[in-house]
Each structure stands twice: as C-alpha cells, then as structure tokens.
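Here is a short report on a protein chain. Look at the structure first, then read on.

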Amino acid sequence: VERGMASVETAAEHERILREIESTDTNCIGPTLRSVYDGQEHGLFMEKLDARIRNHDREIEKMCNHHFQGFVDSITELLKVRGEAQKLKSQVIETNVRLQEDGKVLIGSMEELKQCRVQQRNIATTVDKLAHCLPVLEMYSRLQEQMRAKRYYPALRTLEQLEHTCLPRAGQYRFCSIMAENIPKLRMHIRETAMTQLRDFLESIRKHSDKIGETAIKQAQLQRSLDSAVTLQPRALIGRRGRKEAAVTESSGEGGSPLSEQDSGILDVEDEEEEDVPGAQDLVDFSPVYRCLHIYTVLGLRDVFENYYRKQRRKQARLVLQPHSNMHETLEGYRRYFNQIVGFFVVEDHILHTTQGLVNRAYVEELWELALSKIVAALRTHSSYCDDPDLVLDLKNLIVLFADTLQGYGFPVSQLFDMLLEMREQYGEILLKRWNLTFRQILDQDNFSPIPVSTEQEYRQYTSQFPLQDPELEKLSFPKKLPFSEFVPKAYCQLKEFIYACLKYSEDLHLSSTEIDDMIRKSTNLLLTRTLSNCLQYAIKKKNVGLAELVQVIINTTHLEQSCHFLEEFITNITNVPPETANATKLYGTATFKDARHAAEAEIYTSLNAKIDQFLQLADYDWMSAAQSSGGLTTSDYLVDLITFLRSTFSVFTNLPVSAHTHTCSWSPSKFQYCNTEKKMHFCSNLGFVFGTRRMSCCLV
C-alpha cells in the first residue's frame, strides 16, 4: 500500500512538473528541472516527458494534416505570384533606371538649391552679426575721431555706450576683446588728459588774474559813472555812495557736451555803446574746467576733482595774497596786487555761478575770509612805510575801488573800510608833516613886512586869498599897504588846502556828513595847535629876529585869529553841517594864535631889555649930571640917548592893530630919580606898553 501511495504521489508530482514546464518561461525552468534531479524518480519522469512529447507531436501532426491543403494552395498561389513579382521587379528596376536618369538634373538642381539655402542662411547670419558689430565699429571709429579732435567728454560718453550697450550685443569676437581691453586704457588717457587741461587752465587763470582783475575794476568804474549819469546830479563831495548790486548770470553747467556750453560771462557791461569792457570769458577759456568736471563726474570721481581743484586754488590764493616786498614804493605795485586778488575772486565767483557744486558759497566765503585778513595785514604793513600823502590818497581811492568791485560780486568788505579809517590817522600825520615843512618854508621866505599893493587888481588878488575886511583900508588910495605880510594869505590858503586834502580822503568811505565834519575839524585843530603853532614858535625863537619882525608876527597872528570864523564857515559849506550842531567839534585857532602872539610879546620884552642893556654897556657916559649956571641939575647924556633910542624902538609898535591892542609911551624928566648912595640911576618910569591882556614894564637898573 505504501509503495502504491508513493507511486501515486510521484506521478502527481511529475504531472505538476510537466504542467509547470509547459506553462513556464524557459528562463525560469531551471529550478523545476532541478527538483526532478533532486528526486529518485528522474527516469520515470523522463519516460513521462517522452510520452508527453509524443502526444504533442501527434497533435501537431493532426493539425498539420488538417491545414495542409490550404498550405499547398497557398504555395501554389505564391509560385504564381513569384512570376508576376519577377515581372514587377524588372519593371520597377527599369522604371528606377529611367527615374535615376531623369532625376540627375533634379538632384543637381536640388544640390544647388541646398547650397543656395546654406549660403542664404550664412548671409542672414552674417548680416545679423554685422548688424551688431557695425555699430561697435562705427562707434569705435567715432571714438577715435573724438580722441583725435580732443573732444574728451563726448569720447567718454561714446566709450560708456560702447562698453555697456554695443559690445555685449556684438558677441565674443577678437576685435571686441581687444576693444574691451583698451577701454580702461582710454579712460585713463582721457582722465590724465583732462587733468592736464585743468592744470593748463589753472596756470592760465593764474597768469591772467591780473588782467581779469583790471577788467573787473574798469567795469566797476564804468558802473559808477553810469550810476552818476542815471541820477542826473553832480556827484557831491561827501555822503554815502550807492552800492552796485551783483548781477551775474547763472548757467546750469549740466547736460550736453561742455563744448556746446556758452559762457555766461563775468562782467555785465550795461552800456556797450559807451565803453566795451571785455569780460573774464573773453580773457580765459573756461571750457577745460567744465570738460574736466563733466569727465570726472562720468568717471564717478567728482569728489576727487573737486578736492583737487579747491586745493590748487587755495595754493594759488596764498601766492596771490603774498605781496611783493617793494609794493609800497609805487601805486602800480598796489594796483597789481589788487588786480590779482580781484581776478582770482572774479574767477571763483564765475565758477560758482556756472557750475553746480564744484565750489560752493561756503568755500568761497572761507577763501575770502582768509584773503581779507591777509590783505588787511599786508596793507597795514606796507602803508606804514609810505610818507607821501598823495600816494596814500591814491592808495585809499584804489582800495575803495577794490572794495566796490568785490562787493559788487557779493563779498563783504566792511573790514577794508575799517582799515581805511585806521589809515586816516596815518594820512593825517603825513599831512601834518608835509604842512609843517610848507609852513616853515613860507616863514623862511617871508620878509615880515606889510604887503604893498599898487593896483586894484593886486588888492583883489590878495583879498581873494585872505578874507580881509577893513573899510578904512579900502578907502585909501593906491599905492597902499596891507597890514599883514605874505605869510598870512599863504598860510590861510594852505589851511584850506589842508582841509581839502582831508576831505578828499573822507570821500567814498560811507561816512555821514557829521562824521566827515568831525574828522576834518579834528585834523584842522591838530594842524593849528601842533603844526602851525610849532612853526610860529620856531619863527619867534629863531636867532636874529628883530623887533619889527616880532611885531609883524603879532599883526599876522591877529589877522589869522580874526579869520578863524571864516575857516569855520568854509568847513560848514563843504560838509553841510552847521556849526551849532550838537557835539560838533570847534576850531582851536583863536587859542593857537593868542598863544603865538603872547610868545611874540614875551620875546619882544626879552629882546627889548637885552637891547637896552647892550645900549648902555657899549656907551661910555658920565653918569653924574652936570650943574647948570643957575644952579639946577641937567639931564645926563646917557638918559637923553636912552629916551631917543626907546622912542625910535617904540615907533615900530604903531603898526599894531588899534582895535586889538594899544601901546603908550609917556615919560617926563620928573620921573627919573637920582640915588647918590646906590650910585645907580633907576629908570622907573611909567612908560610901558600893553599887548593884549599882558602889561610889560621896562626897567633899567
């Protein structure tokens, strides 16, 4: 039973394996066959496999027998078709041969068409590439032309467009690479060239600053004359002068090539028909600084350019502000110094108004503050060496014109006018020194005798020089004598000349009439109390001055004293300030001439005593009076001679002005006393003379 069960299981297993072989892919049949060989019944399995194969062969044979007739029929038909196919093949070959023969021309045309299409495509590609390259080449050619023409700002614009627009579109070509490599070099070349032009510009304005300043000052003078013409009034000697307002046309300085920029000009000439004064733009070409500014702006180096420009201009300012050591010797030295300074600041003002940001108002004001301090210091130093009042006056006028010119451009100049007021004291001292020499020269040339006049013309000539008011003298017939000497009219004219000289300095200093009047009166007082007083003292104390000369000095000072109120009126007329104005300075002429007259009187007293002593010492007299026959005493000869000498000496006093002074000379023999014990004669007479308020007695001991 067990053996039978095992056979059944083996048969079932073999059947399963056979089914699995039939249904399984041949790639996976290995494990199945292995299970057969692992068992013990592989022989039996092979028998079953052979039986299964034979069974399948029979089924195949049956199927083939079932379909054989159809197959035979198909073969028969196929054999028939083969003949037809051979005929068709031969026809096809024949047709192909004919087609090939006929298609050779077409193939040639097609090849030509293909080649044309390739060429057309290449041409289109080339045209497209050239469309991108030609702008590069054209722009590079334009760049080279601009570089040759030294139009660097447009060249820089072209370079920027070439680098950022055209070259990226052109593609990677060798010439594009070469151009791209040259762009930094071209930029550096443009930058260096622009800087070179800027240096040339700075050198140019340094050389032309003198001419520019001269032109600006001429323009200021022209403006002053135009202002005077507009007012239709003659210019007054005093008062405040109208200020010129700055009128500088401002241009933007942005956009477009600097070559196309029109310089707005520095100096505004309002009336070209009257005088054609060129502007700074006619003397200096400002285009280099504009080009350089634009170039550095495009390069992104505007700050570098601004710092460099300002630094160089500061250096030039220091050079301009350094005066020559001999500047004080001539007015031309001062004029050249002022012209250079004006030229420097006119250029800076022009740059300020024609560019945006290259220089600003704060920078210009800083430079002006520096310049103002140095100018004031230099003028104080050099003007102190000057001892010519005419040069000082010309310098003052030049400084006023210099200040007017710069104030017209908006620069504050109050310190300059303050310095001019300081120079006023120096000018006054120089005037006093000159007038001291003038007065001494007049005194040295004076003959100290009344002026004889023989005609009415001569009389009017002297009275026009000196305000003589003497009705009694006018009634006298010619010839006649004026009571004073030549010193009086000459000194009076010099006093007026001094006042005019003081007035000339006070013009255009922006002073009120009261201030000018006060300055003139103070200066005139110094002239009277110090200069003229010292000169009169010099004349009085001079050696070998006779009594007649001293008397004439008294007469002269009397008339000069009487003319003081005419000087007051003269000053009032030219300053338009009435003398009764509060705090008005009064002239001290009356006291000056009184002091001089008192000094002359004292000198007369001293000289007269000396003369009397000398008279008595030189003569040999019998001091005892001789008795006459009647027994009375007779006058001594020395006393008779002394009285005669005094009478002749006192006769010169008769020329003194009667209205101001009186002189008496009375004597009698009874007024002499004889002293036997002292053996001296005392001349204690009441003969005396009164000069002014001083009474002097002559005593002989």
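Is Glu306 buried or exposed? Glu306 is buried, because its relative accessible area is 12%. Buried means under 20% relative accessible area, exposed means over 50%, and partly exposed lies in between (1.4 Å probe, protein chains only).

## About the model

This is a predicted model, where local features need pLDDT of at least 70, side-chain atom pairs count only at pLDDT 80 or more, and totals for chains, interfaces and linings use all residues. Residues are numbered from 1 along each chain as its sequence is written, and side-chain values use heavy atoms, with hydrogens and water left out.

## The whole chain

The chain has 20 helices and seven strands. Both are DSSP runs, numbered from the N terminus: helices are H or I with at least four residues, strands are E with at least two. Of the 701 residues in the chain, 40% are buried.

The chain exposes about 39900 Å². Carbon and sulfur atoms supply 52% of that area. Accessible areas come from the Shrake-Rupley method with a 1.4 Å probe; for residues, only the protein chains shown count as cover.

Now take contacts with a separation of 6 or more. Residues 24 or more positions apart account for 76% of them in the chain. Contact means heavy atoms within 4.5 Å. Thr193 and Cys292 are 99 residues apart along the chain, yet their C-alpha atoms are separated by 9.0 Å. Thr193 is found in helix 5 (residues 174-231). Thr193 counts as buried because its relative accessible area is 15%.

## Salt bridges within a helix

How many salt bridges does a search of the whole structure find? The search finds 21. A salt bridge is a side-chain nitrogen of Lys or Arg within 4 Å of a carboxyl oxygen of Asp or Glu.

Glu306 takes part in one of these bridges. Its partner is Arg302, and the closest N and O atoms are 2.8 Å apart. Both residues lie in helix 8 (residues 302-320). They are four residues apart, about one turn of the helix.

Glu332 and Arg335 also meet in a salt bridge, at 3.2 Å from N to O. Both lie in helix 9 (residues 331-354), three residues apart, about one turn of the helix. Glu332 is partly exposed, with a relative accessible area of 41%. Arg335 counts as partly exposed too, at 31% relative accessibility.

## Salt bridges across the chain

The side chains of Glu429 and Arg530 meet in a salt bridge of 2.8 Å, N to O. Glu429 lies in helix 12 (residues 414-445) and Arg530 in helix 16, so this pair ties together parts that are 101 residues apart in sequence. Glu429 is partly exposed at 35% relative accessibility. Arg530 is partly exposed, with a relative accessible area of 34%.

Salt bridges can also be linked. Asp388, Asp390 and Arg434 form such a network.

Helix 15 (residues 487-506) and helix 16 (residues 513-541) have axes that come within 10 Å. These axes cross at roughly 145 degrees. Axes are lines fitted to C-alpha atoms, for helices over the stretch in contact, and angles run from 0 to 180 degrees between N-to-C directions.

Which residues make the contact? Helix 15 contributes residues including Phe487, Leu495 and Phe498. Helix 16 contributes residues including Ile516, Met519 and Ile520.

## A nonpolar surface patch

Phe68, Phe71, Ile75, Leu78, Leu79 and Val81 form a nonpolar patch on the surface. Together they have about 590 Å² of accessible area. Patches are made of residues with over 30% relative accessible area and no salt bridge: like charges are joined within 9 Å, nonpolar side chains (Val, Leu, Ile, Met, Phe, Trp, Tyr) within 5 Å. Ile75 sits in helix 3 (residues 42-148). Ile75 is partly exposed, with a relative accessible area of 35%.

## Backbone exceptions

Most residues other than glycine have a negative phi, and most peptide bonds are trans. The peptide bond from Phe478 to Pro479 is cis, with omega near -5 degrees. Pro479 lies in the loop between helix 14 (471-475) and strand 2 (480-482).

Phe448 has a positive phi, near 50 degrees. Phe448 lies in the loop between helix 12 and strand 1 (451-453), and it is buried at 14% relative accessibility. Asn576 has a positive phi, near 60 degrees. Asn576 is in the loop between helix 18 (564-575) and helix 19 (589-618). Asn576 is exposed, with a relative accessible area of 61%.
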